[in-house]
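Dear colleague,

I am handing over a structure that I have been looking through, and I would be glad if you could read my notes beside it.

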Amino acid sequence: MSNQTRIETRNLNLRFGSAVVLKNLNMSIKSNFVTAIMGPSGCGKSTLIRTFNRLNDLIPECHIEGEVILNGMNIFDKKVDVVELRKRVGMVFQKPNPFPKSIYDNVAYGPKMHGMAHGKKLDTIVEKSLKDAALWAEVKDRLRDSALSLSGGQQQRLCIARTLSVQPEVILLDEPCSALDPAATAKIESLMVQLKKNYTVIVVTHNMQQAARVSDYTAFLYLGELMEYGEAEQVFKNPSNKLTEDFITGRFG
Amino acid sequence: MKRQIREAIIEKGLFLAASASIIIVMLIIIFMFAEGIRALNFDFLFGMEWWPSGEKFGIIPTVVSTFIIGLGALGIAIIIGIPCAIFLSEYSRDPIRSIIKSSVEMLVGIPSIVLGFFGLVVLVPLIRYNIGGLGESILAGWIILSIMTLPHIISISEDAMRAVPNSFREGSIALGSTTWQTTKALIIPNAKSGIFASIVLGMGNAIGETMAVLMVIGNPNIPWIPQSILDQVRVLTSTIVIEISYAIWGSMHQYSLFALGIVLFAVVSVLNLISRLIIKEEIRKRW
């Protein structure tokens, strides 16, 4: 495994109108690892990863200062093509959001949109993405069925396959298991660990057991500030911050 | 005991008020059919000539003119209204959005007579001196009617598009789609029945509209099938308004005008019913 930095935030500040959400964040996220960002509700963790694919751009009163460096390039730079950025930094949402289309069309949506492939080549991309999302075996005979006929856990893996289909470098997962049952959660968690071979995985969770199970690096965010960040083992066994310790031991959160 | 009696009286009274609409609709239908049914025959429905003093009452030219006026106005309203709805739903933010929305709502509030008057004193001369013909024409009818239909098309299709869940938009944008790609691939396909309902409803409005159209389409003495968009025409509504005042009481002429009313009522009801059904279906399959 390489040890390079994939994403780095430099003095990142973010506010919605007058509400400050992220305060002077400096963290560097390593390639090909799972990085978990945990913290109580409202601490800004979802907002943070939505900065990485500039999804916060959709919110009119959002103001950002500082830099987010992806592969040496500030993503807020005027030269950056936001479409290209979002292709490179994929995202899976809290609630599974498959499009009301067939399973096949859900996965083919991105590649078609970007003119990446059609015909046989598109079939190959769809198959590979579904295999990488550990869903192929379950749906290979019903690719033309509506995606809405799948169970919640399958829908979420479909959304992961949809994200993989445009060949991103980074995958952001925003509490991907919060709407799922334990069995489906276990599948997604093992999938995250597999995905780090080829991708940089960043997962937001308010569930610290989940963070402990899947992450190599763990960050603890509290009221918009980075309280703790380091190797998972270090953070869980020997937190440097009293608040982190309280969170991990379940005293709040 | 006293309380129960009072409650019962109130309930009956409210029911009576609620029944008023049924009674009124029934009365109107009965009255219209009683008067019009005598004129509803083959020559009426398929006749090419409408000439009251010659006892000829064929409605084909009037019906054709009505549909030409309605469809043309609808076409203009669709060309402007659907893009406007897309802009409001997918592209605009406040304050632009609320400014446009409130002006669309103001458009609904303009009394049709005022719009007709505007058409008569502004639009008609404009056409007469710049394009040709008498000015009072199909073209003027199209423009005035499309202004009246526009707000309905805009607001119903915008509602349909905004009802598409935001999670679809986010999912699509996060894959690197542009707003237009998202609109084309997700928003319009999921809102299409609502958009279609708005169009059908718009057609119903356009056909049933009377006052504004009447003032700008010229209404020649003999209804005919027009040859050019600069021709004057007569539609169902304008024919009734113009002729009812001099139709002799109890004559075939009068019955025929009521029969025109029946045809108009039937067409508009069917269009409203279709759009109602589409909207109902749409609500049923909501996520």
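Below are some notes on how the model is set out and on what was found in it.

This is a predicted model, in which local features need pLDDT of at least 70 and side-chain atom pairs count only at pLDDT 80 or more, while totals for chains, interfaces and linings use all residues. Residues are numbered from 1 along each chain as its sequence is written, and chains are lettered from A and ligands numbered from 1 in the order in which they are written.

Where chains A and B meet, 20 residues of chain A and 14 residues of chain B take part in the contact, two residues being in contact if their C-beta atoms, placed from the backbone, lie within 7 Å. On the side of chain A that touches chain B, two or more residues each come from helix 2 (82-88), strand 6 (89-92) and helix 3 (103-113) of chain A; helices (H or I, at least four residues) and strands (E, at least two) are DSSP runs, numbered from the N terminus.

Helix 6 of chain A, residues 152-164, has 13 residues and reaches 18 Å from its first C-alpha to its last, close to the 18 Å expected at 1.5 Å a residue, where the expected span is 1.5 Å times one less than the number of residues. Twelve of the 13 residues of this helix are buried, so helix 6 of chain A is largely enclosed by the rest of the structure; a residue is buried if 20 or more other C-beta atoms lie within 10 Å of its own, exposed if 12 or fewer, and partly exposed in between, with C-beta atoms placed from the backbone. Among the partners that the buried residues of helix 6 pack against are helix 4 (119-132) and helix 7 (182-195) of chain A.

Chain B is assigned domain 1 (1-39) and domain 2 (41-286), with bounds that come from an automatic or database domain assignment. Their C-alpha centres lie 32 Å apart, and the contact takes six residues from domain 1 of chain B and eleven residues from domain 2 of chain B.

With best wishes
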